[in-house]
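Visitor: I would like a close look at one single part of this model, and then at how the rest of the chain is laid out around it.

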Amino acid sequence: MGKPLFYEILEKPATSCIIGICCAIWFYIQKKNIGYSHVGLSYETAIEGHYWRIITSAFSHISVLHLVFNMSALWSLGVVEQLGHLGLGVEYYLQYTLVMVVLSGVLVLGMYHILIQRFKLEHFRRVTAVGYSCVVFGWMTILSVKQPSSKLDLFGFLSLPISFAPFESLVFTSIIVPQASFLGHLSGIIVGYAIAWGLIHGMNNYWALSLLGWILLVFVLSLKKSGAIDLNFLEIESVTDPSLPSVRFLGSGNGRTLQMSALPLGSVEFV
């Protein structure tokens, strides 16, 4: 008999939080009747400056089957949080989850760019990627390298050897869910191997927080620029009040004189 769910949640705090966030977003999407085009990532929307979609697409699911598959796999992969003795653990999990969300999204766009510009496959301009699969496949790959003896449990009854899980799951999802993003899953595998083999390394709390700060900044600015959400409260308007004193330089030749206009008499209030 396994451990009670409560204790497993305590052993996988980061995984539990991410699953909770994805489920809450799925519920909100269903309630508001939001579609792929509103939150998904495509080449067409990216070149229009919708960079915020790299984040929204990762945490959004439209199909309940897609959500259940990803969250079931993610729960099993949460064992990474318990492998501190292998150099993994909770901090490693959070730091490289952030890396995979960003890099897998950028890599997908790079693949679309090559297919469109090099091979003239215009269809990929409008292909929209959505879901946490990129990160799930990334962690499958990392675990297959770091601890190849592990098992990946799906739906509570299907168990796969982790050493083959990334590519088995790639085929499995393509058969079960024909509209699944093959390139999205593949990008997660590529980024996962890059991290597992040390090609991407050196993340710590400082760099993770710095990366998070830049993500939030780009997210808000691109969201505002694209006009997807009204963010007028971020507007900074120039103020030209003739009642305020002005400063200017006067002079000729080598000499300059600072002249300041007088502030008109009146009342000043501090609010």
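Visitor: Is Asn33 buried or exposed, and what is its relative accessible area?

Guide: Asn33 is exposed, with a relative accessible area of 68%. Exposed means over 50% relative accessible area, buried under 20%, and partly exposed in between, with a 1.4 Å probe and protein chains only. The model is predicted, so local features need pLDDT of at least 70 and side-chain atom pairs count only at pLDDT 80 or more, while totals for chains, interfaces and linings use all residues. Residues are numbered from 1 along each chain as its sequence is written, and side-chain values use heavy atoms, with hydrogens and water left out.

Asn33 sits in the loop between helix H2 (13-32) and H3. Helices (H or I, at least four residues) and strands (E, at least two) are DSSP runs, numbered from the N terminus. The phi of Asn33 is positive, about 55 degrees, although Asn33 is not a glycine. Most residues other than glycine have a negative phi. Lys120 also has a positive phi of about 55 degrees and is not a glycine. Lys120 lies in the loop between helix H7 (90-117) and H8, and is exposed at a relative accessible area of 59%.

Ser42 gives a contrast in burial. Its place is the loop between helix H3 (36-39) and helix H4 (43-47), and Ser42 is buried, with a relative accessible area of 5%. The side chains of Ser42 and Thr45 make a polar contact of 3.0 Å. Such a contact is a pair of N or O atoms within 3.5 Å; within protein, one must be able to donate a hydrogen and the other to accept it, and residues adjacent in sequence count only if both atoms are side-chain atoms. Beyond neighbours within four places in sequence, Ser42 is in contact (heavy atoms within 4.5 Å) with Leu109, Arg125, Arg126, Val127 and Thr128.

Ser222, in helix H11 (residues 205-226), is likewise buried, with a relative accessible area of 5%. Ser222 and Gly49 are 173 residues apart in sequence, yet 6.2 Å apart in space, C-alpha to C-alpha. Not counting residues up to four places away in sequence, Ser222 touches Gly49, Tyr51 and Trp52. A polar atom of the Ser222 side chain lies 3.2 Å from the backbone nitrogen of Trp52.

Two helices can be taken as a pair. Helix H8 (residues 133-146) and helix H10 (residues 182-196) pack at about 40 degrees, with axes 7 Å apart. Axes are lines fitted to C-alpha atoms, for helices over the stretch in contact, and angles run from 0 to 180 degrees between N-to-C directions. The residues making the contact include Phe137 and Ile142 of H8, and Gly188 and Tyr193 of H10.

As for the whole, the protein chain has 11 helices and four strands, and buried residues make up 40% of its 271 residues. Of the contacts between residues at least 6 apart in sequence, 69% join residues at least 24 apart. An unreviewed UniProt entry carries the annotation "transmembrane region" for several spans, including 93-115 and 127-145; UniProt positions are given in the numbering used here, feature names are shortened, and annotations may be inferred rather than shown by experiment. Residues 93-115 are 100% helix and 0% strand, with end C-alpha atoms 32 Å apart. Residues 127-145 are 68% helix and 0% strand, and their end C-alpha atoms lie 31 Å apart.
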